[in-house]
Amino acid sequence: MEKINFDQLQEELYHEKLSNGLNVYILPKKGFNKTFATFTTKYGSIDNNFVPFGKEDYVKVPDGIAHFLEHKLFEKEDGDVFQQFSRQGASANAFTSFTRTAYLFSSTSDVEKNLETLVDFVQDPYFSEKTVEKEKGIIGQEITMYDDNPDWRLYFGLIQNLYQNHPVKIDIAGTIESISHITKDLLYECYNTFYHPSNMLLFIVGPVDPAKFMDQVRDNQEKKDYKEMPEIQRKFEDEPIQTAEQKQVLEMNVQTSKCLIGMKALHVDQSGAELLKNELTMNVLLDLLFGKSSKNYNQLYNEGLIDETFSYDYTQEQGFGFAMVGGDTENPDKLADQLKNMLFDAKKGTTFTEEQLDRAKKKKIGGFLRAVNSPEYIANQFTRYAFNDMNLFDVVPTLEKITMEDLKSMASEVISEERFSVCQVIPKK
Amino acid sequence: MDSTTEKIIPMQGYKLHVIETDKYKTNTFVWKMKAPLTKEDVTKRALLPQVLQSSTSKYPTTTALRSYLDELYGATLFIDLAKKGEYHIISFTLEIANEKFLSDTTPLLKRGFELLSEVLTKPNVLGNAFDQDTVNKEKRTLKQRIQSVYDDKMRYSNVRLLQEMCKDEPYALQVNGEAEDVEAITAETLFDYYNKAFSEDELDLYVIGDVKGDEVKSLADDLLKFEERTPKKIVNSEQQIKDKVQEIKEEQDVKQGKLNIGYRTNIIYGDSDYFALQLFNGIFGGFSHSKLFINVREKASLAYYVSSRLESHKGLMMVMSGIDLKNYDQAVGIIRDQLEAMKKGDFTDQELVQTKAVIRNQILETIDTSRGLTEILYHNVVAGKEIKLEQWITDMEKTTKEEIIAVANKIKLDTIYFLTGTEAVK
């Protein structure tokens, strides 16, 4: 077990890579009641084309299967794992993203037992035809719920505009039609390929004794018989640099229009320190361009084009990435035009002052301190960073090194007509 | 649970609550203003904090104010409105980094406190009116916020349930005020209301973090002083007892139906059976091991979400679920059966033990966050009680099956609201 110190933050992190390949991290948090643990596989909605474990050819699986598997893992022959967690005073949950599926619990007592339950239930699948069919009704309602949600439709509409081939454009839960093709055998095939310990990460944060918990996890894993796993082969179709659509307008049962603009990322082959720097630079750039203290925000707010729902975000993972800016608006076309102009002005070399850059960095550093108050943030983000070969605790030092030149070259390179797109939701006539 | 010791210090015109803990990397201030919920004031109360947080006399534009917040290591300042029983609560939250985790030594606690004081007591005012331009912009934002409820069908159907269920009670009012009352507010009338609120509301300041009580008190002495007042207490209005269950169906272009059911619990925070009610809710619908989740979702496959929650100061319980339009009768039937089962005591000791464990866990987890802790402690201000957190847990754990059955028999179904699609109504 190695110990990593973060002096400025006054935190310690413990790490061990077990013999079956599982990475385990433990971050003790004094003074907290709660222990929070996530057990995450590097497997999400985009992993729909791969060579199944023990086979030789690529298969394409139905949209939404990673999320379906997440639901089904909670059900066992003798009942529901939620029941067991709640008997042990824990609250359990799970989520599926584009690139990860995470199982988690939090509890303030019986932590050892809950940890054992978490690791064991994820490593012991039970799928039957009957329970798979039953789940289709439940997930069907989850899909319909999102269908009625204008913010979700707007978000996915924009991703679909940006991407021509990459599976990031597929809704994480799939469609009612696509999940109808899911069978227990397909679930096992995905499970056996992606749930090997060497593709997973366990993170524990809370008032715990690291050595004791590490021993517990090691003992648990040594009792299980995992064969060595070859590297997982995943396939993604080539994605052109250009967007699929420049604009899409969705008519929905709403009273307020919505407008989101997006930029498709470049350099999506990055990982590690390079990705971290790129991601943070883009975030600082967006803060300077659209943050509440920016000239642009002030102008848009004064003109009545945005309200408190206005937001912006940048995401980048292996193979895809996008910046998004927008929110509710009385005039979706005018807002789209203005946002576009603001971006392209930045491309031309709109300059920020050193003072503004300094302030933007301070804001991000304080924001990071606030975020590490949260055990959920630490566990989820650390895992995401680790899967991309980055370290969450490098955020502050990396931020401090961002220069004006970095911002300028980012703006001039990334902002481009062919990677720009607009999605709007407007009231149905 | 040592971090929950709350020092309450009477100050001029308000109470200061200090919670000293070293578990956070930031310090948090929460300023709360409480007044009776009335049609006359609710919309002004929604607008007021928006205007206050957008500029001050020293930082006369949003850009200036927000730049200063960024300068303070991205201190966050946000406002929040809530209904607690028939009170309307305004909260200002300011969270700021603790400089001991930075290489910089700016005294951030003090700067943060000064800024909060500036926002509350030195608004951007000309004569006897707020800045006209700010008020106009914030009126527009408020209108949009009220209107946006319609677009979020889960929230919309909850609002509609309360409007129908509590028709002639203040609780039917929306937390963000009423759209038709926004326009009439002027920079002058809002400024009058500002003076009224700061002289009549019940005011509380919570400071949570690695702070010293004495230091916070001396800062508070310097920075915040108001007139002494006796806060207005209200008695919950007469509940409108309905002869029979009210059923409302509303048609809209939606794919999923939203089923929201309202009950009168006849129990509020501070009542001797309040913790039995918490357990009732836990067994009935509060969690993923509860009867609603098991029967509506896991057994009948009718829904993705189905749960119940309590409104502790008004005495309401609300069930919410999203279902296929054609499954209305079946879902309502199953939900009604679960209440009947509770009334008959048809739940096991295991369900009881399980629910106690989960609620205990929920309380302990909630107080791990400064916000959660503030909300739990603030229940006492709203109810005028002094229930210690330890007592929450011991009283809850002592509760017996018989007490829960007694609670179940006090609960009355009041209104069933269904937001249904246009194609399903025949």
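Met410(A) sits in helix α15 of chain A, which spans residues 404-414, in what is a predicted model. With 20 other C-beta atoms within 10 Å, Met410(A) counts as buried, because the cut-off for that label is 20 or more. Setting aside sequence neighbours within four places, the contacts of Met410(A) are Thr281(A), Met282(A) and Leu285(A).

The largest nonpolar core holds 181 residues, and the members that touch the most others are Ala37(A) and Leu202(A). Helix α9 gives this core its largest share, 10 residues. Beyond four places in sequence, Ala37(A) is in contact with Leu104(A), Phe105(A), Leu115(A), Leu118(A), Leu202(A), Phe203(A) and Ile204(A). There is also a second, separate core, this one of 52 residues, with Leu161(B), Tyr263(B), Tyr274(B) and Ala303(B) among its members.

Next comes the sheet in chain A. Seven strands make up an open sheet with mixed pairing, and their order is β1-β2-β3-β11-β4-β10-β9. The edges are β1 (2-6) and β9 of chain A, each of which pairs on one side only. Direction ignored, neighbouring strands in this sheet are turned by 15° against each other on average. Strands β2 (residues 11-17) and β3 (residues 23-28) of chain A run antiparallel and are joined by 4 bridges; across this pair, His15(A) stands opposite Tyr25(A) of β3(A). Helix α1 of chain A (residues 65-73) packs on the sheet, where it touches β9 and β10 of chain A, and the helix direction makes about 165° with that of β9(A).

Over in chain B, the strand pairing around β2(B) can be followed residue by residue. Strand β1 of chain B (residues 6-10) runs antiparallel to β2(B), with 5 bridges between them, and Glu6(B) has Ile19(B) of β2(B) as its bridge partner. The two strands form a hairpin with 4 residues between them, and Gly13(B) in the turn has a positive phi of about 90°. Strand β2(B) also runs parallel to β8(B), joined to it by 6 bridges. For Tyr73(B) the value is about 50°, and the residue lies in the loop between α2 (62-71) and β4 (76-84) of chain B. Tyr73(B) is buried, having 29 other C-beta atoms within 10 Å. For Asn266(B) the positive phi is about 60°. Asn266(B) belongs to the loop between β10 (257-264) and α8 (274-286) of chain B, and with 15 other C-beta atoms within 10 Å it is partly exposed.

On the domain level, chain B is assigned a domain 1 (2-223) and a domain 2 (246-421). The centres of these domains, taken over C-alpha atoms, are 29 Å apart. Across the boundary, 26 residues of domain 1 of chain B are in contact with 25 residues of domain 2 of chain B. On the domain 1 side, at least two residues each come from β2 (15-20), β3 (26-36), α5 (153-165) and β8 (202-209) of chain B. Helix α5(B) makes the largest contribution to that side, 8 residues. By class, the domain 1 side has 10 nonpolar, 6 polar and 10 charged residues.

Finally, the contact between the chains involves 57 residues from chain A and 55 residues from chain B. Elements of chain A that supply two or more residues to the side touching chain B are α2 (81-87), β9 (90-96), β10 (101-107), α4 (129-147), α10 (295-302) and α12 (354-371). Helix α12(A) gives the most, with 10 residues. The chain A side divides into 13 nonpolar, 26 polar and 18 charged residues.

Conventions:
Residues numbered from 1 in each chain as written. Chains lettered and ligands numbered in written order. Predicted model: local features only at pLDDT ≥ 70, side-chain atom pairs only at ≥ 80, totals over all residues. Core = buried A, V, L, I, M, F, W, Y, C linked by C-beta atoms within 7 Å. Buried ≥ 20, exposed ≤ 12 C-beta atoms within 10 Å, placed from the backbone. Contact = placed C-beta atoms within 7 Å. Domains from an automatic or database assignment. Nonpolar A, V, L, I, M, F, W, Y, C, P; charged D, E, K, R; others polar. Pairing = 2+ DSSP bridges. Axes fitted to C-alpha atoms, helices over the stretch in contact; angles between N-to-C directions.
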